[in-house]
Amino acid sequence: MPKPSSHSIASSEITPEHKFLSRRALLAGGMGLAVGQTLGFQGRAWGQDNGAPLTFTRNAEYSVTEAPNSFKDISTYNNYYEFGTDKSDPSEHAQKFRPRPWSVTVDGECEVKGTFDLEDILKPHPLQERIYRMRCVEAWSMVVPWVGFPLGDLIKRFKPTANAKFVKFFTLLDLKQMPGENTSVLDWPYTEGLRMDEAMHPLTLMTVGLYGKVLPNQNGAPLRLIVPWKYGFKGIKAINHIKFVEAMPLTTWAKSAPDEYGFYANVNPAVDHPRWSQATERHIGGSIFDQRRPTLPFNGYATEVASLYSGMNLKKFF
Amino acid sequence: MTATRSTATRFVIKPLVFIACLGPAIHLGLGAFGLWGISLGADPVHTMLHSCGNWALKFLLITLCMTPLRDMTHMLIWQRLRRMLGLFAFFYVILHFTVYIVLDQSGHLNAVWQDIVKRPYITIGMLALILLIPLAVTSTAAMQRRLGRRWTRLHSLIYPIAVLGVWHYWWGVKKDIREPLVFACVLTVLLGYRLYRRYRRYQASVHLPRVATQG
């Protein structure tokens with residue numbers, strides 16, 4: 001996986017191993033207690049520091065070695081328009097959101113359909129921690145330790161048919177719980193989609209946790225998508241519906257501004273957003289005098305995923 | 001009476017307004033270095049950039065409120081504050097631009113130039129800044145006297161500048177245009193007032209002679 005390619009990363013940025021190990025030890029200590037609640041999380045206690053701990057293994061192969069951003073940065077600075085358009089809105093307005101009980105409807109071009117309790121969705125999948133780069137289409141970036149499992153493993157359980165060329169995801173539509181959905185800033189519910197081969201790619205992560213704990217509401221609890229080589233808006237949050245479809249789905253941002261946001265949304269320094277350059281990014285968490293960093297093709301995951309798009313004109317299919 | 005009033009303006013009201021106008025800059029300056037427990041969030045550069053631009057527009061609109069306020073209240077204090085407020089608008093525009101070049105673009109002038117020529121919302125923002133320079137330079141009382149009527153004409157550039165500024169903001173936001181919309185509405189009212197005043201004056205000038213002949 002991304003041997004953090006030649007783009008040099010200052011040694012000071014790499015988490016000192018002892019720090020990382022001590023965090024692991026701490027988690028391990030809590031694990032015995034946590035097992036019972038791991039998959040049947042408690043439903044409350046999504047407080048910022050006391051999300052229920054999760055049981056997981058660390059997937060080093062699929063983790064970058066850059067230091068993750070702080071929990072505070074990750075959980076207080078993000079886009080989640082269902083709770084407002086400011087980046088501080090999600091953490092301020094998602095606290096009353098109830099990610100439990102939760103069910104996910106699966107339908108479309110697949111043999112196994114139905115509405116499933118979140119527990120049933122999650123049960124068979126051992127969790128892994130993966131430290132991924134996150135590149136927002138707005139030209140800022142973070143490094144995030146997510147906890148989840150490969151989306152492909154989940155998809156196989158529903159036995160998609162030969163007609164299933166794409167997977168479409170929907171966010172919960174709940175005007176009471178998600179105040180932003182009362183505005184017309186986007187077309188609700190938020191929808192996203194992946195081509196089947198993208199969805200089955202081992203890097204694509206169904207995500208339930210952050211920093212070893214149950215995902216905070218503002219980061220997309222209880223179930224969200226992470227596709228690390230694409231711009232962050234592909235990572236749809238609070239998923240309650242998965243649909244297998246034959247035609248490429250029209251996704252929320254692509255519908256809202258088709259000249260600015262495409263279906264693929266692969267991180268690409270060579271294709272600018274009409275209103276800003278995508279060649280560089282500001283990395284969150286440093287000093288205000290830090291230089292912008294060069295943005296990497298496919299966000300640094302080119303070795304793994306570039307072959308998915310061979311022969312495609314990425315300027316056209318942005 | 002007038003003397004004490006203008007003394008109060010000069011030594012009390014103006015300094016107080018001056019300090020208040022510096023408030024946002026001081027807040028951002030302290031926050032940039034995490035002093036006094038002030039934080040600008042996870043992306044302080046973005047906060048500074050956006051906040052300076054926002055204050056520049058607010059000060060532009062506040063400046064444009066001074067003449068209507070004077071007309072409505074018949075108090076000269078508004079007139080006396082106008083220059084300072086206008087200069088603060090310029091000050092925040094310059095801060096906005098400086099944060100953009102030095103912190104946001106890390107001083108890469110080539111990237112800045114690319115932005116200016118390739119991205120219309122930056123082009124018009126840049127244009128607004130350039131047009132503000134002669135206004136700031138000629139803002140002194142001496143310049144005002146020297147330029148006479150031409151000063152008024154030159155300074156009516158503030159109207160297109162304000163339009164460019166709000167337009168720059170409108171085009172720059174990703175999707176949620178509610179805030180630029182508020183600025184645009186306020187600006188429309190303020191410009192509308194000028195048109196109305198002109199119309200009234202025109203009417204007066206047309207009607208006056210007729211009244212005179214009748215007499």
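Biologist: What are the ground rules here?
Modeller: The model is predicted, so local features need pLDDT of at least 70 and side-chain atom pairs pLDDT 80 or more, while totals for chains, interfaces and linings use all residues. Residues are numbered from 1 along each chain as its sequence is written, and chains are lettered from A and ligands numbered from 1 in the order in which they are written.

Biologist: At what angle do H3 and H5 of chain B cross?
Modeller: Roughly 140°, with the axes coming within 10 Å. H3(B) covers residues 77–104 and H5(B) residues 120–137. Axes are lines fitted to C-alpha atoms, for helices over the stretch in contact, and angles run from 0 to 180 degrees between N-to-C directions. Helices are DSSP runs (H or I, at least four residues), numbered from the N terminus.

Biologist: Which residues of H3(B) and H5(B) meet?
Modeller: From H3(B), Leu87(B), Phe90(B), Val93(B) and Phe97(B). From H5(B), Leu129(B), Leu132(B) and Ala136(B). Contact means C-beta atoms, placed from the backbone, within 7 Å.

Biologist: New topic. Where does Leu181(B) lie?
Modeller: In helix H9 of chain B, residues 178–214. The C-alpha atoms of Leu181(B) and Pro44(B) are separated by 25 Å. Along the chain, the two are 137 residues apart.

Biologist: And the chains, how many residues does each put into the contact?
Modeller: Chain B gives 16 and chain A gives 19.

Notes: Helix = DSSP H or I, 4+ residues; strand = E, 2+ residues; numbered from the N terminus. Contact = placed C-beta atoms within 7 Å.
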